Amino acid sequence: MDQEREIIVGMKQRVMMVALFAVITSPVCAAKLSGPARILDGNTIEIEQSKLRLSGIEAPETDQICLDAHGRKWACGIAARDELIKHSNGRTWDCHITGGDEYGRSRGSCFIEGEDVNAWMVRSGWALSSGPYVIYEVVASKTCAGLWSGAFIAPWDWRRRNKGTIIIGASSVPIDARELLLGSALLSDPPSPECVIKGTLGSNGDRIYHLRGQLSYEQIDMTKPGERWLCS
């Protein structure tokens, strides 16, 4: 009986060790991720085929439209992504993983040569703070940096905007900003020549892609809820 008990205890210990090893080596729970980054959008990168969401910040969506200092429409989501690409400039990223999200991506803070990239995005006006970077957001708004040079909708409101959505930005926001940013015709045209894929979001979270040349492409009305311009 003692020998059987020892065998059972040993098996349990091995099972626990295997489970612990699986947790430790899980990409979401990995302590660090380093290397050159491929920038997917203003707050999502990919390093060695592992996607990571910059925590504590919200950058505009790639299909998001903002108004500049003169009240003209511009593709601020694409601009935020491109500014991060320029700032990265092929340098090595060091990311500290703190968890994961519902889309299977890791979440964490990233640094380039010791500089906090999450903080840089907010301080430069290309993202808003959804965590510990509020002080940098205040600085960006005071200096009219990036998005703050004109009028825009907070990224978390852009995805479910309606007639009651708040418009934020510089003190000189044009009087017709609400009409321009919430008008039904805002997304009738793609935000950028590189973002011409039409995406239909289903009620269960499924996404259907419509490419130029397909029979269904011209029939999709991009002004309706659930339709999104996608870059890839």
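Is Val-139 buried, partly exposed or exposed? Val-139 is partly exposed, with a relative accessible area of 37%. For these words, buried means under 20% relative accessible area, exposed means over 50%, and partly exposed is in between, all with a 1.4 Å probe and protein chains only.

Before we go on, a word on what you're looking at. This is a predicted model, in which local features need pLDDT of at least 70 and side-chain atom pairs count only at pLDDT 80 or more, while totals for chains, interfaces and linings use all residues. Residues are numbered from 1 along each chain as its sequence is written, and side-chain values use heavy atoms, with hydrogens and water left out.

Back to Val-139, then. You'll find Val-139 in helix H4, residues 134-142. Helices (H or I, at least four residues) and strands (E, at least two) are DSSP runs, numbered from the N terminus. Together with Val-134, Ile-135 and Val-138, Val-139 makes a nonpolar surface patch of about 320 Å². A patch is built from residues with over 30% relative accessible area and no salt bridge; nonpolar side chains (Val, Leu, Ile, Met, Phe, Trp, Tyr) are joined within 5 Å, and like charges within 9 Å. The areas come from the Shrake-Rupley method with a 1.4 Å probe, and for residues only the protein chains shown count as cover.

Now let's go inside. In soluble globular proteins, nonpolar side chains tend to be buried together. Here, the largest nonpolar core has 35 residues. A nonpolar core is a set of buried Ala, Val, Leu, Ile, Met, Phe, Trp, Tyr and Cys residues joined through side-chain atoms within 4.5 Å. The residues with the most contacts inside this one are Ile-45, Trp-93, Cys-95, Cys-110, Met-121 and Trp-126. At least two core residues each come from strands E3 (44-47), E4 (50-54), E8 (92-100) and E9 (106-112), and from helices H2 (76-88) and H3 (117-123). The largest share, five residues, comes from H3.

Met-121 is a handy place to look around. Leaving aside neighbours within four places in sequence, Met-121 is in contact (heavy atoms within 4.5 Å) with Gly-42, Ile-57, Ala-59, Ala-80, Leu-84, Trp-126 and Ala-127. There is also a second, separate core of eight residues, which includes Ile-65, Ile-153, Trp-158 and Leu-181.

One of the contacts of Met-121 is Ala-80, so let's stop there, because Ala-80 is buried, with a relative accessible area of 0%. Ala-80 lies in helix H2. Not counting residues up to four places away in sequence, Ala-80 touches Gly-42, Pro-60, Met-121 and Trp-126. Ala-80 and Asn-43 are 37 residues apart in sequence, and their C-alpha atoms are 8.9 Å apart in space.

Next come the cysteines. A disulfide is a covalent bond between the sulfur atoms of two cysteines; the cut-off used here is a pair of sulfur atoms within 2.5 Å. The structure holds two of them. In one, the sulfur atoms of Cys-66 and Cys-76 are 2.1 Å apart. The torsion about that S-S bond is about 65°, so the disulfide is right-handed. Cys-66 sits in strand E6 (residues 66-67) and Cys-76 in helix H2, 10 residues apart, and the pair links distant parts of the chain. Both Cys-66 and Cys-76 are buried.

The other disulfide joins Cys-95 and Cys-110, with their sulfur atoms 2.1 Å apart. This link is right-handed too, with 110° about the S-S bond. Cys-95 belongs to strand E8 and Cys-110 to strand E9, so the pair ties together parts that are 15 residues apart in sequence. Both Cys-95 and Cys-110 are buried.

Finally, look at the charged side chains. There are eight salt bridges, each a side-chain nitrogen of Lys or Arg within 4 Å of a carboxyl oxygen of Asp or Glu. One of them pairs Asp-82 with Arg-81, the closest N and O atoms being 2.9 Å apart. Asp-82 is partly exposed at 30% relative accessible area, whereas Arg-81 is buried at 9%.

Another pairs Arg-91 with Glu-113, at 3.2 Å between the closest N and O atoms. Arg-91 lies in the loop between H2 and E8, and Glu-113 in the loop between E9 and strand E10 (115-116), so the pair ties together parts that are 22 residues apart in sequence. Glu-113 is exposed, with a relative accessible area of 65%, while Arg-91 is partly exposed, at 24%.
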